[in-house]
Amino acid sequence: MGGVASTTATSNSGRGPLKSGREVCAVLVTFHPDEGLPARIERVLLEAGALVIVDNGSDEAALGMLRRLAADPRIVLVLNSANVGIARALNLGIARAAERGYAWVLLLDQDRVIDAGILNAMIGIRAAYPAADRLAVIGAGFRDVNTSAGETRAARADEEWEEMESVITSGSLIALATHAAVGPFREEFFIDYVDSEYCFRARALGYRVIKTRRALMSHAIGAATRHNLLGVDKWTSNHPPDRRYYIARNDTVMLRDYGHYALGLWAAKSLGRCIRACKRVLLYEPMKSRKIRAILQGWWHGVCGRLGPRAR
């Protein structure tokens, strides 16, 4: 289905020191990627030793582009005939990286633009961290290109990282030995909160999650727009109805599984969040009725435990 790396990975078991980005295999998930993908992949191949691309049912034009990219022997292409979700795609990509002999993966989204030296920076932080063997995820700080506001705080010489509850999947550096202990990404989530659930599960097992304070990539959260209400700026993500559904549903499940709420109060907490999301949609976003129905359906399915792809 695609090219196979022509050299054997030289990475260690994932428990010892990581010395070079060439010991890391990048895993990138695509879904109808745009024409700028080859340029972004070129930047990835300057950093990592190999790349696994997992496509989730893109159209023929996109598949043609991906097949041309996979002529590079450093690239492995995995083609899914349909959208199997981000969690399943990540699990497939990680399995392929392990088959190629890699013990480290850098997880990426198709629209992320990584900075030069991203892996060297993350490797240096891992080496300096006092309990490197307990690190489940090192997340890359990012710039949100929609808001032009840096997501990370200014880096300080004595604090190159910060402890986090969770980090986004894209830009996550993971040792496969640790990944085996934590377990795969939760496939029934499909999309949204896949990263948070993994990090929460890892932390429950005694692992740590950190993020670089310095931005190492550019990242876009939705198609965010700013609105002024009574002199106060308000931002909204403009996610489509399906994403609104998964966000509401999986947030509800996260509150149930990790919120430590008594007497079912997790459902009430989630409902309050959903109502606030509905209000924001009603005030600022198009497709109001479809999105509000999706949010409320997602909440109800989360309460009932109905997971997997959204039924049509």
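Val-194, Asp-195, Ser-196, Glu-197, Tyr-198, Cys-199, Phe-200, Arg-201 and Ala-202 are the buried residues of helix α6, where buried means under 20% relative accessible area, exposed means over 50% and partly exposed lies in between, with a 1.4 Å probe and protein chains only. Nine of the eleven residues of α6 are buried, and the helix is mostly covered. The buried residues of α6 pack against α3 (86–99), β6 (135–144), β9 (172–175), α5, β10 (208–219) and α7, a contact being defined by heavy atoms within 4.5 Å. Just after α6, Gly-206 takes a positive phi of about 95 degrees.

## Basis of the model and overall make-up

This is a predicted model, in which local features need pLDDT of at least 70 and side-chain atom pairs count only at pLDDT 80 or more, while totals for chains, interfaces and linings use all residues. Residues are numbered from 1 along each chain as its sequence is written, and side-chain values use heavy atoms, with hydrogens and water left out.

The secondary structure of the chain comes to nine helices and twelve strands; helices (H or I, at least four residues) and strands (E, at least two) are DSSP runs, numbered from the N terminus. Of the 312 residues of the chain, 50% count as buried. Among contacts between residues at least 6 apart in sequence, 79% join residues at least 24 apart.

## Helix packing around α9

Two packed helices are described by the angle between their axes and the distance between the axes. The axes of α7 (residues 241–258) and α9 (residues 288–304) come within 7 Å and cross at roughly 25 degrees, the axes being lines fitted to C-alpha atoms, for helices over the stretch in contact, with angles that run from 0 to 180 degrees between N-to-C directions. That angle makes α7 roughly parallel to α9, since angles under 35 degrees count as roughly parallel, over 145 as roughly antiparallel, 65 to 115 as roughly perpendicular and the rest as oblique. The crossing of α7 and α9 is right-handed, a term used if the near helix is turned clockwise from the far one by less than a right angle, and left-handed if anticlockwise. On the α7 side the contact includes Arg-244, Tyr-245, Ala-248 and Thr-252, and on the α9 side Lys-291, Ile-295, Gly-298 and Trp-299 are among the residues involved. By class, the contact of α7 with α9 has eight nonpolar, five polar and five charged residues, where Ala, Val, Leu, Ile, Met, Phe, Trp, Tyr, Cys and Pro count as nonpolar, Asp, Glu, Lys and Arg as charged, and the others, Gly among them, as polar.

The axes of α8 (residues 265–284) and α9 come within 9 Å and cross at roughly 170 degrees, which makes α8 roughly antiparallel to α9. The residues of the contact of α8 with α9 divide into 15 nonpolar, two polar and two charged.

## Hairpin and positive phi values

Strands β11 (residues 225–229) and β12 (residues 232–236) pair in the antiparallel sense over five bridges, pairing being assigned if DSSP finds at least two bridges between two strands. Leu-229 has Val-232 in β12 as its bridge partner. The two strands form a hairpin with two residues between them, and Leu-230 in the turn has a positive phi of about 55 degrees.

Most residues other than glycine have a negative phi. Leu-263, in the loop between α7 and α8, has a positive phi of about 60 degrees although it is not a glycine, and Leu-263 is exposed, with a relative accessible area of 85%.

## Two buried positions

Phe-189 lies in the loop between α5 and α6 and counts as buried at 0% relative accessibility. Not counting residues up to four places away in sequence, Phe-189 touches Val-194, Glu-197, Tyr-246, Arg-249, Asn-250, Val-253, Met-254 and Leu-307. Phe-189 and Gly-85 are 104 residues apart in sequence and 8.1 Å apart in space, C-alpha to C-alpha.

Leu-51, placed in strand β2 (residues 50–56), likewise counts as buried at 0% relative accessibility. Leaving aside neighbours within four places in sequence, Leu-51 is in contact with residues including Cys-25, Val-27, Ile-41, Leu-45 and Ile-75. Leu-51 and Val-27 are 24 residues apart in sequence and 5.8 Å apart in space, C-alpha to C-alpha.
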